[in-house]
Amino acid sequence: MPAERFFTSEEISLHQHVLLKDNEFHHLAHVMRAKKGERVELVNGKSILAQATVLDIHKGQAVLLIDHIKTERMDSSRLILAQAYVKPDRLAFILEKGTELGVDEFWLFPGQLSSQKEIYPHQQERAQSLIIAAMKQCGRLTLPKILFKPALNQWDSIFSQAFFGDLDPHAPFLAAANEGSSYPIIFFTGPESGWSDAERQQLKKMGVQGVRLHTNILRTDTASIAALSIIQQWKFIPFK
């Protein structure tokens, strides 16, 4: 199997010609230094893995021919990370590691205590590039969605298993909160400065359960990754 995978936003079908441009072309031609006749792998984030042959490399684009396709069955479980806006470096870490840990959707929204109240277009483009790179690197075939949502006071009730990181010492631990294989599962993480009192009340009003992740206070990026790791273990350690 080739060591590198390449992404195309196009639909993939057998014997189809695919053009790689921009970042994917640069990676193929200038980083991997692929040559005509070499075989590579292609993904489009829709549960398809294709093998293709490099037919030609022009200035700025490469032509590939798909000669084999494998389709992966979609996982019926769905994991959502609802993340308040954080600083760009922390968000990058959360997106990359969240993709590796199987997040299906990232819901990004401005927290009352978020230092950044808006995700600008160039940051949105970078976020998309980060999850594509993470998808290719970790071997998954589905690309998570990134949705930009309003502040919590504009949300409706949540009708699924949903949790938020809570510092209340009386809150139960997430590790013991599994209620069975009910999906989707949503985890809410606050910004660097945490939740405001109003947001805690709003989350509870929406039907989101407050949980602890550790006896220590975790930073926002640590909290998100810890929560995702715990929730994913529920697939392998069934609820009793």
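Predicted model: local features only at pLDDT ≥ 70, side-chain atom pairs only at ≥ 80, totals over all residues.

Biologist: Noted. How many helices and strands are there in the protein chain?

Modeller: The protein chain has 5 helices and 11 strands. Its C-alpha atoms fill a box of roughly 60 × 40 × 30 Å along the principal axes.

Biologist: And what share of the residues is buried?

Modeller: Buried residues make up 48% of the 240 in the chain. The accessible surface comes to about 12,800 Å², and 53% of that belongs to carbon and sulfur atoms.

Biologist: OK, on to helix packing. How do α2 and α5 sit relative to each other, parallel or perpendicular?

Modeller: The axes of α2 (residues 88–100) and α5 (residues 220–233) cross at roughly 10 degrees and come within 9 Å. Angles under 35 degrees count as roughly parallel, so α2 and α5 are roughly parallel to each other.

Biologist: Which residues in α2 and α5 meet?

Modeller: From α2 you have Arg-90, Phe-93, Ile-94, Lys-97 and Gly-98, and they meet Thr-220, Asp-221, Ser-224, Ile-225 and Leu-228 of α5. By type, the residues of that contact divide into 4 nonpolar, 3 polar and 3 charged.

Biologist: I'm looking at Gln-83 now. Buried or exposed?

Modeller: Gln-83 is at 0% relative accessibility, so it counts as buried. Gln-83 lies in strand β6, residues 79–84.

Biologist: What does Gln-83 touch?

Modeller: Leaving out residues up to four places away in sequence, Gln-83 touches Ile-94, Trp-107, Leu-108, Phe-109, Thr-189, Gly-190, Thr-220 and Ser-224.

Biologist: Nice. Where is Val-103?

Modeller: Val-103 is in the loop between α2 and β7. With a relative accessible area of 0%, Val-103 is buried. Its contacts, leaving aside neighbours within four places in sequence, are Leu-79, Leu-81, Gly-98, Arg-140, Pro-144 and Leu-228.

Biologist: What separates the C-alpha atoms of Val-103 and Leu-81?

Modeller: Those C-alpha atoms are separated by 6.7 Å, and the two residues are 22 apart along the chain.

Biologist: What about Phe-106, buried or exposed?

Modeller: Phe-106 counts as buried, again at 0% relative accessibility. Phe-106 is found in strand β7. Its contacts beyond four places in sequence include Leu-81, Ile-94, Leu-95, Gly-98, Ile-131, Pro-144 and Ile-146.

Biologist: Switching to α4. Which residues of α4 are buried?

Modeller: Glu-199, Gln-202 and Leu-203 are the buried residues of α4, which runs over residues 197–205. Looking down the axis of α4, the buried residues fall within an arc of 100 degrees, so they line one face of the helix.

Biologist: What covers those buried residues of α4?

Modeller: The cover includes β9 (161–165) and β10 (185–189).

Biologist: And which residues are exposed on the other side of α4?

Modeller: Asp-197, Gln-201 and Lys-205 are exposed there. Lys-205 is at 69% relative accessibility, and its C-alpha is separated by 7.3 Å from that of Ser-157, 48 residues apart along the chain.

Biologist: What follows α4?

Modeller: Gly-207 follows α4, and its phi is positive, near 95 degrees.

Biologist: Where do Asp-22 and Arg-33 lie?

Modeller: Asp-22 lies in helix α1, residues 22–31, while Arg-33 lies in the loop between α1 and β3. Asp-22 counts as exposed at 64% relative accessibility, and Arg-33 is exposed too, with a relative accessible area of 58%.

Methods:
Residues numbered from 1 in each chain as written. Heavy atoms only, no water. Buried < 20%, exposed > 50% of the residue type's maximum accessible area, 1.4 Å probe, protein only. Helix = DSSP H or I, 4+ residues; strand = E, 2+ residues; numbered from the N terminus. Arc of directions from axis to C-beta. Contact = heavy atoms within 4.5 Å. Axes fitted to C-alpha atoms, helices over the stretch in contact; angles between N-to-C directions. Parallel < 35°, antiparallel > 145°, perpendicular 65-115°, else oblique. Nonpolar A, V, L, I, M, F, W, Y, C, P; charged D, E, K, R; others polar. Areas by Shrake-Rupley, 256 points an atom, 1.4 Å probe, with all protein chains shown as cover.
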